[in-house]
Amino acid sequence: MTERENLPAIIVAQDVVISTTQRGSLVMRGLAAFQENKKRELDADAQFNLGYAYENGKGVPQDHKEAVKWYLLAAKQGHAGAQSSLGYAYGHGEGFPQDRKEAVKWYLLAADQGHATAQYNLGCMLGCMCDHGDGVPQNYKEAMKWYRLAAEQGFTHAQINLGLMYYYGEGGDQDYEEAVKWFRLAAAQGNADGQYNLGCAYDNGEGVPQDYKEAAKWFRLAAAQGNADGQYSLGYAYDHGEGVPQDRKEAVKWYLLAADQDNAKAQHSLGYAYDHGEGVPQDYNEAVKWFQRAAYQGLAEAQNNLGLMYQKGRGVPQDHKEAAGWHRLAAEQGYASAQYSLGLRYKDGQGVPQDYKMAVKWFRLAADQGHATGQWELGKMYQDGRCVEKNDEQAAYWFQKAAEQGNVRALESLKKLGIDWKK
Amino acid sequence: MLPEEQELTRLESEQTELEEQVTTAELTLETSKTEIAQFQHRYYQTAGRLYAQLDELDAQIARVQAEISPDDAAAQAHAQAAEQQAKASAEEAGLIEAQPAPPPEITPKLKLAFRQAAKLMHPDRATTEPERLRRTELMAQVNLAYERGDQPAIEKIIKEYGQDPEAITGGDVASRIVKAIRRIAQLRRRMGEVQQQMDAMQQTEIFHLKQTIEETEAMGGDPLGDLAKQLVQELSERKIQLEIARQTQ
C-alpha cells in the first residue's frame with residue numbers, strides 16, 4: 001500500500017492532477033493500457049510460478065512460507081491461480097496460521113474470475129457438514145452455486161459434490177435425477193467416485209430405473225481404478241448375484257482389495273466369508289482378524305460378529321466378558337441383533353452379572369426394531385413375569401409379532417397359551 | 001511471327017500478370033481497411049467511450065477546482081486543457097459530432113495547377129468522342145481535388161495524363177506495344193502506392209491495437225472486456241472524487 005492510499009479521500013481528490021497534455025488519442029491510451037496489463041501479467045505469472053516451485057519443492061527446497069510470499073505478490077495483482085493457492089494456504093494453515101475467513105476471501109477473488117479449483121474449494125468450505133464457528137458460516141445455497149460453476153467447467157470433484165448435494169437435498173429439494181445427471185458427467189470423464197455414485201444410483205433405483213447390471217458395470221469401472229467403495233460394491237454384487245452371476249470367489253477377491261484399503265464393510269464381509277467358508281476355506285482365525293479390523297473402525301455388524309466369535313470361542317479363546325463388551329458397543333449404536341445378543345447375556349448372566357431388568361431393556365429395543373427372536377424373548381419375559389409384571393396379554397402380543405415373521409418358538413409359545421394363531 | 005509481335009505477346013502477358021497482382025494487393029488493402037474500421041468501431045463502443053466519459057469527469061473535476069480557487073492561474077489553464085481533452089476524446093469516440101473541417105485555403109500554386117490541368121485536358125479540345133469522355137472524367141477528378149485544396153492530387157493527374165495508355169488509340173502492333181508499356185508502368189506505380197499505403201497502415205496505432213487485442217482474444221482472453229471493467233472501476237472512483245470536490249466548493 002502506498003502512502004497515498006492511506007490519505008483521506010478528500011485530500012487525494014483535491015490533489016488530482018490531470019496531465020491532459022500527455023494524453024494521446026483514445027487508441028493510443030488503449031494500446032498503452034494493454035501493454036501495461038500484459039507486463040503486469042507476465043510479472044504475476046513469474047511470481048506465481050516461483051510460489052508454486054516453493055510450495056511443491058520443484059527446483060528449490062520446499063518452503064511454504066516462501067511460497068505464500070510469492071503467491072501473495074501475484075494474487076494482489078489479480079492472478080487467479082495465485083489467489084486460489086493462497087486460499088488453500090490459509091485454509092490448510094500452510095505458511096500461515098490457519099484462517100478460514102482469509103481463505104474464503106482469496107478463494108472468492110479467484111472464483112469470481114472463473115477459476116474452477118477455487119470455485120470447488122469455496123463450495124467445500126461453505127458446504128462443510130459442520131459449522132466451525134470461525135466466521136465462515138455454513139451456506140448450502142452458496143456452496144451449491146460455486147460447485148455448479150466449477151461443475152459446468154467440467155471439474156469432476158465439483159460435479160460429484162453437486163450431485164451429492166442434490167442426492168441428500170442439501171441447499172434445496174432432494175432431486176435424484178439431477179444428482180444422477182452430475183454423477184454421470186463425472187463418470188463419463190473417468191472419475192472413479194462418479195462411477196461409484198452412478199453405480200449406487202442404478203443399484204438403488206434412485207433417479208434411474210433400478211438396474212443391477214448397469215450398477216455392476218459402473219462399480220467395476222470404479223473398482224478397476226482402485227476405488228475401495230467400488231471394489232466392495234462389486235464384491236457385494238458377486239456375493240449376492242446382483243447384475244452378475246453369483247460367484248463367491250470373485251466376491252472375496254474384490255472384498256480383499258477393498259479391505260486392504262481399510263474399507264470397513266469389505267473387512268466385515270471378508271470376515272463373514274471366512275466365518276462361513278463362502279468363497280474361501282472356512283478359517284475362524286482369519287474371520288476374527290477381519291471382524292476386528294472392521295470393529296475397530298466402529299462398524300456395528302462387525303462388533304456384533306466379533307462378540308459372537310468370543311462367545312463361541314471361534315478363532316479366539318472363549319471369553320464371555322469380551323463378547324458382552326463387543327455386543328454392547330454394537331447395541332449402543334442401535335444394531336438390533338447386538339441388542340438382542342446383549343439382552344441374552346444379561347438374561348443368562350454370561351460375561352455380565354445376571355440382570356433381568358437390563359435384559360428386558362435390550363430385548364425391548366431389539367423387539368421395537370422388529371427383531372423376531374428379540375420379540376419372542378420379550379414375550380417370554382412377560383410370560384414368566386421376570387422383572388416385568390407377569391402379563392400374558394403383553395406376552396401374546398410379542399409372540400404374535402415374532403410369529404408374523406415366522407419365528408417357530410413363538411408359534412409354540414402361542415399354542416401353549418391356547419391361542420390359535422394363523423398367519 | 002515478327003519479333004515485334006513476339007515482344008507484344010510478352011508485354012501483354014506481363015501486363016495481365018501485373019494486373020492480377022495489383023488487384024490482389026488492392027483487395028488485401030481494402031479488406032484490411034474495412035477490418036480496421038470495424039475493429040475501431042468495436043473499440044470505441046467498448047473502451048473508447050469509457051475513456052471519453054473519464055475525460056468528461058476529469059474536466060468537471062478540474063472545472064470545480066478552478067472555481068474553488070479563481071485566482072489560481074494554473075488551475076484555470078488546467079481546467080481549460082481538461083475540457084479540450086474531453087471534447088477531443090468525445091469526438092474521437094463518436095459521442096459528439098466533430099466540427100467540419102474549415103474550407104481549404106486557395107493558394108496561387110493551387111490555382112496554377114488547376115490552370116495547367118484545364119489547359120492540358122479540357123474536354124472541348126478532344127477530337128474523338130472516347131477521348132472527350134476520358135477528359136471529362138479526368139476533369140471531374142481535378143475539380144474535386146481543387147475543392148479539397150489538394151494540390152498534389154491535381155499534379156498527379158497531370159503527370160499520369162501524359163502517360164495514360166488510354167490515350168493510345170491505334171490498333172497496330174507498334175501502338176499496342178507502346179500502350180502495353182504504358183499500362184505496365186502505370187500498374188507498377190499503382191502497386192507501389194498500394195504497398196506504401198499498406199506499410200503506412202501497419203504503422204498506425206489502431207493497427208497495433210487491433211493486433212494486440214486479436215492475439216489475446218485468439219488465446220481465449222477478453223482484453224477489451226477486461227479493459228472496460230478497469231475503466232468502469234476508474235469511472236466510479238472519479239465520480240466519488242467529483243462529489244468530494246463539489247462538497248468542498
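At 35% relative accessibility, B:Arg132 counts as partly exposed, a class that lies between buried (under 20% relative accessible area) and exposed (over 50%), as judged with a 1.4 Å probe and protein chains only. This is a predicted model, in which local features need pLDDT of at least 70 and side-chain atom pairs count only at pLDDT 80 or more, while totals for chains, interfaces and linings use all residues. Residues are numbered from 1 along each chain as its sequence is written, chains are lettered from A and ligands numbered from 1 in the order in which they are written, and side-chain values use heavy atoms, with hydrogens and water left out.

The partner of B:Arg132 is B:Glu129, and the two side chains meet in a salt bridge of 3.2 Å, N to O, the term meaning a side-chain nitrogen of Lys or Arg within 4 Å of a carboxyl oxygen of Asp or Glu. The two residues are three apart in helix α4 (residues 129-148) of chain B, and are therefore separated by about one helical turn; helices (H or I, at least four residues) and strands (E, at least two) are DSSP runs, numbered from the N terminus. B:Glu129 is also partly exposed, with 44% relative accessibility.

Chain B as a whole has eight helices and zero strands, and buried residues make up 34% of its 249 residues. B:Glu35 is partly exposed at 38%, whereas B:Lys210 is buried at 11%.

Between the chains, the side chains of B:Asp55 and A:Arg29 form a salt bridge of 2.7 Å, N to O. B:Asp55 lies in helix α1 (residues 3-68) of chain B and A:Arg29 in helix α3 (residues 26-56) of chain A, so the pair joins two chains. Both partners are buried, B:Asp55 with a relative accessible area of 1% and A:Arg29 with 13%.

Elsewhere, B:Glu26, B:Lys156, B:Glu160, B:Arg189, B:Arg190 and B:Glu193 are linked in a network of salt bridges. Over all chains, the count of salt bridges comes to 35, while that of disulfides, defined as pairs of cysteine sulfur atoms within 2.5 Å, comes to zero.
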